[in-house]
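Student: I am new to this structure. Please go through some of the terms used for it and say how each one is decided.

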Amino acid sequence: MHSFLIRHRLSISAAVLVLVGALVVSGCDFLDKSPKGQQTSGNFFQTQEHAVQGTNATYNLLRDWQVHVFSWLGVTDIASDDATKGSTPSDASFLLELDEKSFGPSNIAFEGTWSGYYSGIYRANVAIQNIPSIDMESRLKERLMGENKFLRGYYYFFLVRAYGGVPKITAPLQPDEFEQSRAPRDTIYALIERDLNDAISSLPPKSQYSDSEMGRATKGAAEGLLAKVHLFQEEYNEALAHAENVIQSGEYALYEDYWGIFRESGEYSSESVFEIGAVSLETGGEGSSQYAQVQGVRGSANNGWGFNQPSPDLEQSYEPGDPRNQATILHPWEELPDGSGVVAEVNPNIPNQRYNEKVQPSVESPGGSGNNTVNIRRLRYADVLLIAAEAAYQTGNGQAARGYLNDVRERAREGRSVTLGLQPENMASQLAATLGVSESGPHVFARYVDGSGPAAQAGLEGFSFSTDPVRVNTVDVLETVDGTEVTTRQEYRDALSGISEGQSVPVEVTRITQESDGDGNVTTDVQSMSMAVTAAELLPDVTASGQALLEAIWEERRAELAMEQHRYFDLIRQGRAQEELENFQSRHEVYPIPQSEIDLSGGAMSQNDGY
């Protein structure tokens, strides 16, 4: 019998009571809906409140360790070219197998995600089976059924992309039904489409939810997810129709500040089509997720584990000056995005000194970074626009494809038109003190991203680490740009506002180098430098057609959605995984069915080819 199916022997109270009322969306009303008295399988799903609580339990799995945390990050980002395993070399060897494509059916990431996602399906099935018989307000009943069908479709969409055909289970199983065989992939996709179409017809738009209900599935979330489901099946007319329904609904818009999308201010913003809420409760517990903790900066001043680190390949893939590079990749000596002023420390035990800036937990979370407020963004409006762009291209409408693509690029420019090919970083107080410039006011240092020019070896990439004292090799401090003093990142951006493409821009830099004699003595050298940098157009509109347009859309997906757990499955559906990923073989287009499930199936479960 299947290990994940053993859960179906439990009573409804065992499956639901533990998490009843525990759904956290924006951290408001749902936290107060605790059960009254003892609830069992005999008296649950009797009232309207039970229907809400049972639906909340389906949502609650979205924050689970086995659904959106450790193993899931392994089979999405770490398996792609966007990220490396992270942490120390010997830590979590099963994730290294995913990074290097040396995994087999016994890798625990597969058992973990399989179990987690089928647990979510089980909870949705319990609610879908029981809510119809409850005497309750009819519109709410319809909505809750739609929410559970959306979630069941969401859970199955991961499974079908990860494993291909999987057992199709649409109701809690009876004891004689525990041994299930795999349904064909097309059958699972048909179920997903049916569930999402039902959800579209029964869910209200986002604007009809109160602030305390943010995070629940909406009509737009179901439509957007269905567009992606069709895209993965190369059903481009359907993908375009559903994506354009979301675009034309008027419910969504690109959030003006790309960096801000991933901060608390960007939660449930105009760009949020579906995201998973988290709150930091003083008592800890069910409100949060370890999604951010395992990706946080690893070091004594930080609260993370250091896994799922952006790869050098990802960093080099950005166009010169693309602000999304800066918003996605956090380097040592940069300040954490929580506003605390704490810097990402160099950790000499970790080979890759990069972190996912989109998900850094606050150092001030009560109880530590495992209890944090970082929401998990699962479907953004920018993703919907790029789905529409790709589907429009595939259906012969290049003009529409370019329009949707360039909408995304326009937002990424942050209102600017040119770049000098560098990323400006506000200098943290610790770095200023190390360099001896802390008394002269705030400073901006340069991180060069184009790998050319007279200062190609300067900036953050030249940093090195010594435990006593901490020092840097070389850093360039920006003083003036086009004659304007620069002391903050915003002042740097403002200095470029009147610059045109092709213009030669004078830049004044103070280059600071430090050398150690090996006995702990450090010599600091300060050199004033003047250079002329030619301004280039920042993220120009794409005018290409044909294959070049399609490839531009694909690359835009990478830049826009990097480190948001989309890249691996995108490369597979695009047919590019073998050329883009090291050690990728055709069998890796699906992961192996967990060996534990094969063993427990009594011969009913078959393994994917090549494993």
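Student: What makes the packing of helix α13 and helix α14 roughly antiparallel?

Tutor: In this predicted model, α13 (residues 381-394) and α14 (residues 398-412) pack at an angle of about 155°, with their axes 7 Å apart. Angles run from 0 to 180 degrees between N-to-C directions, and axes are lines fitted to C-alpha atoms, for helices over the stretch in contact. Under 35 degrees counts as roughly parallel, over 145 as roughly antiparallel, 65 to 115 as roughly perpendicular and the rest as oblique. The two helices are therefore roughly antiparallel.

Student: Which residues make the contact?

Tutor: With contact meaning heavy atoms within 4.5 Å, the residues include Leu 385 and Tyr 393 of α13, and Tyr 404 and Arg 411 of α14.

Student: Why is Ser 87 called buried?

Tutor: Buried means under 20% relative accessible area, exposed over 50%, and partly exposed in between, using a 1.4 Å probe and protein chains only. Ser 87 has 1%, so it is buried. Ser 87 is found in the loop between β1 (83-86) and α5 (93-100).

Student: What makes the phi of Ser 87 worth a remark?

Tutor: Most residues other than glycine have a negative phi. Ser 87 is not a glycine, yet its phi is positive, about 60°.

Student: How do you know whether Leu 539 is buried or exposed?

Tutor: Its relative accessibility is 1%, so Leu 539 counts as buried. Leu 539 lies in the loop between β14 (536-537) and α17 (546-561), and its phi is also positive, near 45°.

Student: How are residues numbered, and what does the model require of local features?

Tutor: Numbering starts from 1 along each chain as its sequence is written. Local features need pLDDT of at least 70.

Technical notes:
Predicted model: local features only at pLDDT ≥ 70, side-chain atom pairs only at ≥ 80, totals over all residues. Heavy atoms only, no water. Helix = DSSP H or I, 4+ residues; strand = E, 2+ residues; numbered from the N terminus.
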